[in-house]
Amino acid sequence: MKKQMNLRSMAAQAVEQVIEQGQSLSNILPPLQQKVTDKDKALLQELCFGVLRVMPQLDWLINKLMSRPMTGKQRTVHYLIMVGLYQLLHTRIPAHAALAETVEGAVVIKRPQLKGLINGVLRQFQRQQEELLAEFANSENRYLFPAWLLKRVQQAYPQQWSEIVEASNQRPPMWLRVNRQHHTRDGWLALLEESGQQGFTHTDYPDAVRLANAAPVMSLPGFSEGWVTVQDAAAQGCITLLAPQDGERVLDLCAAPGGKTTHILEAAPQASVLAVDVDEQRLSRVYDNLKRLGMKAEVKQGDGRFPAQWCGDEQFDRILIDAPCSATGVIRRHPDIKWLRRDRDISELAQLQAEILDAIWPHLKSGGTLVYATCSILPQENSYQVAAFLKRTPDAQLSETGTPEAPGLQRLPGAEEGDGFFYAKLIKQ
């Protein structure tokens with residue numbers, strides 16, 4: 001029966017749901033992957049992620065190759081043609097196979113009468129590929145970013161914006177976090193090399209290993225025993241700054257899916273950790289992560305703006321806020337972010353972040369540490385946010401991370417580096 005599942009039509013419909021309905025790929029893709037063989041899971045993901053990564057290029061090409069756009073009920077065919085073009089341009093799938101499977105996808109989406117059209121457009125592209133790509137290289141779409149976001153990145157990073165955009169449009173490296181309760185990083189690296197795989201360390205993050213080539217998690221030594229976790233290097237920087245200690249009461253706010261909760265417990269196994277997230281569904285991932293690593297934490301559903309509802313007047317030794325943000329630092333991992341975010345979201349997110357900071361600060365003990373982190377690269381959510389907080393909060397002092405005028409540490413996405421990430425460490429006087 002699985003043959004009826006045409007991967008190209010599935011990818012086209014998934015991309016359509018992202019673009020036309022504002023659905024997140026991380027919600028759409030897992031149920032689709034359940035329907036296909038293991039071998040096809042990776043290809044389905046590659047087609048969906050890939051099309052969203054380079055969508056402005058595919059859109060531009062379709063506009064050149066077709067006299068009028070596909071609209072209304074034919075719109076899925078537009079995305080199917082995108083999937084076809086993506087395979088011809090960006091994968092090693094033989095052209096004849098890419099063409100045949102994509103054209104066949106029209107039958108599955110009940111548009112068999114458009115097989116000839118799809119075939120014609122893709123073959124025309126093959127004939128004109130060189131001149132079309134030369135023309136595209138000079139078009140304003142060549143950065144593969146929405147115009148509003150490109151403008152914000154250019155304003156924030158006048159010198160570095162093109163490297164940031166370039167890095168954000170690449171496939172991400174696979175970073176791991178070695179569980180120091182089981183192995184030293186170098187000890188686990190030796191096991192990795194024995195298994196025939198190669199890894200590289202990070203200069204700043206003591207538990208981080210980058211794989212030379214991405215690999216299925218079950219091929220990693222001790223994955224199911226909790227020896228290692230998939231987590232980007234930059235995300236690991238939060239715990240280095242938080243520096244949790246045994247015996248302390250630690251709050252991980254906005255905790256789902258639990259990568260940082262478990263990292264706190266790896267660094268301080270005798271700490272008492274409360275993990276809180278507003279999203280009930282995503283909290284199941286926190287439980288999954290704790291279970292795989294054999295750890296215990298208190299897990300609660302709650303809104304960071306109203307802490308009294310879930311912790312009364314309790315105070316904490318350390319608080320980590322991995323704040324809700326635009327996720328502009330992790331676009332290479334989630335290319336749909338480029339098309340799901342809107343310019344107006346940034347000020348709304350900054351307002352939410354400020355409300356969470358103000359609400360949670362009274363729950364930090366005197367002398368305690370709060371780390372504010374985002375996976376954003378936009379100053380409105382990061383340095384401007386923290387500067388404003390310091391100005392209105394007399395007992396907050398910046399520590400280790402920047403200056404009061406330019407507070408925080410901003411990491412930018414890099415080919416062999418971690419994702420874009422921001423941290424500020426605050427001490428309560």
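# Salt bridges and nonpolar cores

Biologist: Glu20 first. Buried, exposed or partly exposed?
Modeller: Glu20 counts as partly exposed, at 43% relative accessibility. Keep in mind that this is a predicted model.

Biologist: Which side chain meets Glu20 in a salt bridge?
Modeller: That of Arg75. The N to O distance is 3.1 Å.

Biologist: And which helices do Arg75 and Glu20 lie in?
Modeller: Arg75 is in α5, residues 75-90, and Glu20 is in α1, residues 7-21. The two parts are 55 residues apart in sequence, so this pair ties them together.

Biologist: How accessible is Arg75?
Modeller: Its relative accessible area is 22%, which means partly exposed, since buried would need under 20%.

Biologist: How many salt bridges are there by this rule?
Modeller: The count is 25.

Biologist: OK, what does Asp358 pair with?
Modeller: Arg392. The closest N and O atoms are 3.0 Å apart. This pair also links distant parts of the chain, 34 residues apart. Asp358 sits in helix α16, residues 345-360, and Arg392 in helix α17, residues 383-392.

Biologist: What is the relative accessibility of Asp358?
Modeller: It is 37%, so Asp358 is partly exposed. Arg392 is partly exposed as well, at 36%.

Biologist: What about Glu298? Which partner does its side chain meet?
Modeller: Lys300, in a salt bridge with an N to O distance of 3.7 Å. Glu298 is partly exposed at 34% relative accessibility. Lys300 has a relative accessible area of 30% and is partly exposed too.

Biologist: Which residues are linked in a network of salt bridges?
Modeller: Asp232, Arg332, Arg333 and Asp419 form one.

Biologist: Switching to the inside. How many residues are in the largest nonpolar core?
Modeller: It has 51. Those touching the most other members are Leu44, Leu58, Leu61, Ile81, Leu85, Ile118 and Phe125.

Biologist: Which elements give two or more residues to this core?
Modeller: Helix α1 does, along with α2 (25-33), α3 (38-53), α4 (55-65), α5, α6 (95-108) and α7 (115-136). The largest share is from α5, with ten residues.

Biologist: Zoom in on Leu44. What is Leu44 in contact with, leaving aside neighbours within four places in sequence?
Modeller: Leu7, Met10, Ala11, Leu29, Leu32 and Gln33.

Biologist: Which residues does the second, separate core include?
Modeller: Ile164, Leu283, Met295 and Tyr423 are among its 48 residues.

Biologist: Why group nonpolar side chains this way?
Modeller: Because nonpolar side chains tend to be buried together in soluble globular proteins.

Technical notes: Residues are numbered from 1 along each chain as its sequence is written. This is a predicted model: local features need pLDDT of at least 70, side-chain atom pairs count only at pLDDT 80 or more; totals for chains, interfaces and linings use all residues. Side-chain values use heavy atoms; hydrogens and water are left out. A salt bridge is a side-chain nitrogen of Lys or Arg within 4 Å of a carboxyl oxygen of Asp or Glu. Helices (H or I, at least four residues) and strands (E, at least two) are DSSP runs, numbered from the N terminus. Buried means under 20% relative accessible area, exposed over 50%, partly exposed in between (1.4 Å probe, protein chains only). A nonpolar core is a set of buried Ala, Val, Leu, Ile, Met, Phe, Trp, Tyr and Cys residues joined through side-chain atoms within 4.5 Å. Contact means heavy atoms within 4.5 Å.
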